[in-house]
Amino acid sequence: MAAQGVGLPLFVATIALQLGAGLSVASGLLTRLGGIGLGLFCLATALLFHTNFASQNDLLHFEKDLAISGGMFVLAAVGAGRLSLDWLLARALQKRERDKEMVKALLAVENEFSVDVRLPV
């Protein structure tokens, strides 16, 4: 990257993006966000660094980066699936929401059928 004129701050940001988004995709937590980040990164890498199509090596890396970015965008569109932390978290939040709705319904029924008892004094 230094040969291409990329400075140290951008290099550190690149490493942070690759580690953060890679762990996101690998763990299945915030998978769509990680897929978008890695997809944009691979697309930018292909368009900025692998543009010498006369070189077979650059062409190969350009096609590889385009293929990876396409896969990451598909992952971002579809999501991680059932074997992921995203799915488990969504299920837990749905259950919690159903429980809240059940409590609201029970309280409404209880308030509707409350008996007002007045003692003659």
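Analyst: Begin with accessibility: buried means under 20% relative accessible area, exposed over 50%, and partly exposed in between (1.4 Å probe, protein chains only). K64, at 39%, is partly exposed. This is a predicted model, in which local features need pLDDT of at least 70, side-chain atom pairs count only at pLDDT 80 or more, and totals for chains, interfaces and linings use all residues. Residues are numbered from 1 along each chain as its sequence is written, and side-chain values use heavy atoms, with hydrogens and water left out.

User: How many salt bridges does a search of the whole structure find?

Analyst: Side chains of opposite charge can pair when their charged atoms come close. A salt bridge is a side-chain nitrogen of Lys or Arg within 4 Å of a carboxyl oxygen of Asp or Glu. The search finds 2. One joins D65 to K64, with the closest N and O atoms 3.1 Å apart; D65 is buried, at 5% relative accessibility. Another joins D99 to K95, with 3.3 Å between the closest N and O atoms.

User: How many residues apart are D99 and K95 in helix α4?

Analyst: Helices are DSSP runs (H or I, at least four residues), numbered from the N terminus. D99 and K95 are 4 residues apart in helix α4 (residues 85-112), so about one helical turn separates them. D99 is partly exposed at 40%, and K95 is partly exposed at 46%.

User: Is T31 buried or exposed?

Analyst: T31 is buried, at 1% relative accessibility. T31 lies in helix α2 (residues 31-49). Contact means heavy atoms within 4.5 Å; leaving aside neighbours within four places in sequence, T31 contacts S24, V25, L75, A80 and D86.

Methods:
Helix = DSSP H or I, 4+ residues; strand = E, 2+ residues; numbered from the N terminus.
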